[in-house]
Amino acid sequence: MLVLIGIVGMLIFFTLISTALSGKRRLSMIGLELSVLLLLISDRYAYIYRGDTSTLGYWMVRISNFMVFALSLTTLWTFTIYLSDLYTNEGGMKKVPASLKSIHYLTAAGELLVIISQFTGLYYKFDEQNRYQRSPGMVLCFSIPLVILIILMVEIMRNRKCLRRRMMIPLLLFAFVPFVASILQLFLYGLSLTNISMVGMVVVLYIFSFLDMNDTVGHANELEIELLKNERKNMRLLFEQTAEALANAIDAKDTYTHGHSTRVAEYSREIAIRAGLRDEEVDEVYFSAMLHDVGKIGVPDTIINKDGKLTDEEYEAIKKHPVIGKQILSSISRSPYLSIGAHHHHERYDGKGYPDRLLGEDIPWIARIIAVADAYDAMTSKRSYRDPIPQHKVREELVKGAGTQFDPTYAHIMLSMLDSDPDYHMKEQEKVSVLSGRSSLVCGKFRERISEGIWVTDKPVHIRFTSRAAGNEGYIHSIPTLILFDSLDARVHEDEHVRQDLLYNEYATLRLDGMVENISARKIKTEFHDNGTPDLPDYETQNRKGIVYDIYSVRIRDHVLIRIKTPNGTQESTIALEDSIRYSYIAITGENCIINNVEISTDEEAAAEDTITRIADEVSYIDVPAGDVPNVQINGWRTQSSEAVPVTGDMRITFHSVSLPTARLVWHCPYVNLFTSEDGKVNGEGFADYSVVRLDGEDWDSNDYADNSNVVVRDDDFGNWDKWKDRNRAGLDWDVTVRRDGNKVTVSSENAGVNIKFTSVIKTDPPKVFLALTGDQIAITNIRFHQL
């Protein structure tokens, strides 16, 4: 008992100084530990003074035994408080279970009986030798703690989902072990099994609580670190996008320099990488180069866009843009390197530049790199008075300028880059919107750079580009890749929260060396065909010079075909998507490669149905018995309609609908379409809409053919729009009434708490009116028409 007292005392001390536990949980833990400490001390004194007939012994035996019985109940009560706090603060319960509240009343009743026992001998009494003896009422004494322990065990098991698994073990042990010990103690007189077992379980609970809190704190730290990483990544992305936007605004001042800043930044980064600079330094030179011409904001447009030769005054105005750029960027104190490129990129290595006529390595290294890249892009870009300078002439200028105009080290690196580009791709190209205005896509790590999405529909898309190895990376690991995906903004996203917000779904990735990864597609079938071309160079040689890829892609309902042709052969992949509802886009990315010469075109005619050989059955949400007309699945806004019926009098329409899995908006529901056409078909000859009645009641525009009005009442059954959408997802049985009186057609519906009375007054006379069911991302089945 002395050992246990010492252990519990230390537990109280460590709990007091701990900061891992929450305040209320720590207090309940201290209360639990304090009660078992006093219980042990009282039990020890009860043994010490047992049989002591002195006056001190007389009182100590009675007080200590009273404390033992009272503190046993107090320990169970403090454990109940601990468990209640665990449920409400960490288990997500709004209120404590009623059965746990009942323990408070049982504890109070038990304590009252202990007090009564002191005067009546209900539980125990003492003989002539001052020895403790059980009374017949001892069974009642054990029954109350046993009932409390049973309630605790039942509640722990019932609400186990509210508790972390690690905490389940000590909580169950605390209730179960003293329960067993109490039953044994009924028969093993003289042993403190119940008290010692409760002390042991408090120790176990303490250990597991701190292990659990350590896990919680560790997990919280991991989340915080991940949050900081994401925040840093998002800040970098925001910084990059802001810099690009500002650079594009600067370039827009000059008709002939579109994309100049971005290209200079890309060339500068490649020079920095080949120079062996650290990643941080590579980033610094990239962003500094992106904003190197920011000072042109302060130069009049008339001077920048002048076609003829500049006057001396105009040239002096142009020469002020480095100083203006420094003034603008100097205010960004956390990135001082930005102003360096803007201020010094027109300095010359021989000291004849401007604005400060710095010499040699007195010019900051960032500016020396940008000077080479800036001059290279100026020579290789189209101007009002000339086309891009031929490559051999550019090379000659770089050789002549090394050591005079340019730092020779960086000039030689630029020459090396030029020599590894025999097809002269490294120059201003035609604008390619999918690359966000860039002439090329420079990919380092896999998915570091990704193009915008290219929409794949039933009209075949043709994509052509050249890819070559970037830098000195191994050519085997220099491979372009296609990403097949869907997203609300047609862009690939990596952040999980952004993916959820934009309903991002990635179907597959197709490396252009033949490796295909299925991410969420139902099935993918890939075939390879050798072109049989003899005497081709090895892959390393081809990749160094550049490989031309011709890609054909088309979508037929829920299948996508992607055919990739290279000099070595053809890779053909058929992808069965999850359904035919979601969109599909192709994005271009890669690893250690430079992708340029991108050409994209789309056929005007849709492909035939048999263009793709199906590899999986079509996903259908209407494969159930039909009513009077076939069931209809509407994948997008009015993309499909039911068979139409003429509206000649009054009728009642009943049908069942369920939202498709991708539905997320209020108007993803059924619509009633009133229209006219010569053949009675939607989009048939002479087709014209009179009205489209959305059964959410939110739209009733008039048009040239009809004056429309709508009265909408939402009753108590409506709740809110989230409840409305949930009902549509679960499925609804609809009952719609249509009445016609001459040129006036009234559509009434009372469903899911939305009561609609829609009136369409048709302007033509006499009108031919037809009705069809349509909608947006909805499946409509069991359609029946009843004449009234």
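Colleague: What makes V3, I7, M10, F13, F14, L16 and I17 a nonpolar patch on the surface?

Modeller: In this predicted model, the side chains of a nonpolar patch are joined within 5 Å, and each residue needs over 30% relative accessible area. Together these seven have about 680 Å² of accessible area. F13, one of them, is found in helix α1, residues 2-17.

Colleague: Why is F13 called partly exposed?

Modeller: Buried means under 20% and exposed means over 50%. F13 has 47% relative accessibility, which lies between those limits, so F13 counts as partly exposed.

Colleague: How many aromatic pairs are there in the whole structure?

Modeller: The search finds 21. One of them is F485 with Y504, and this pair is stacked.

Colleague: Why is the pair of F485 and Y504 called stacked?

Modeller: Ring centres must lie within 6.5 Å, and planes under 30 degrees apart count as stacked. Here the centres are 5.8 Å apart and the planes are at 25°, so the label applies. F485 lies in strand β6 and Y504 in the loop between α17 and β7, so the pair ties together parts that are 19 residues apart in sequence.

Colleague: Is W724 buried or exposed?

Modeller: W724 has 1% relative accessibility; the limit for buried is under 20%, so W724 is buried. W721, at 24%, is partly exposed.

Note on methods:
Residues numbered from 1 in each chain as written. Predicted model: local features only at pLDDT ≥ 70, side-chain atom pairs only at ≥ 80, totals over all residues. Heavy atoms only, no water. Patch = residues over 30% accessible without salt bridge, like charges linked within 9 Å, V, L, I, M, F, W, Y side chains within 5 Å. Areas by Shrake-Rupley, 256 points an atom, 1.4 Å probe, with all protein chains shown as cover. Salt bridge = Lys/Arg side-chain N within 4 Å of Asp/Glu carboxyl O. Helix = DSSP H or I, 4+ residues; strand = E, 2+ residues; numbered from the N terminus. Buried < 20%, exposed > 50% of the residue type's maximum accessible area, 1.4 Å probe, protein only. Phe/Tyr/Trp six-rings, centres within 6.5 Å; stacked < 30°, edge-to-face > 60°.
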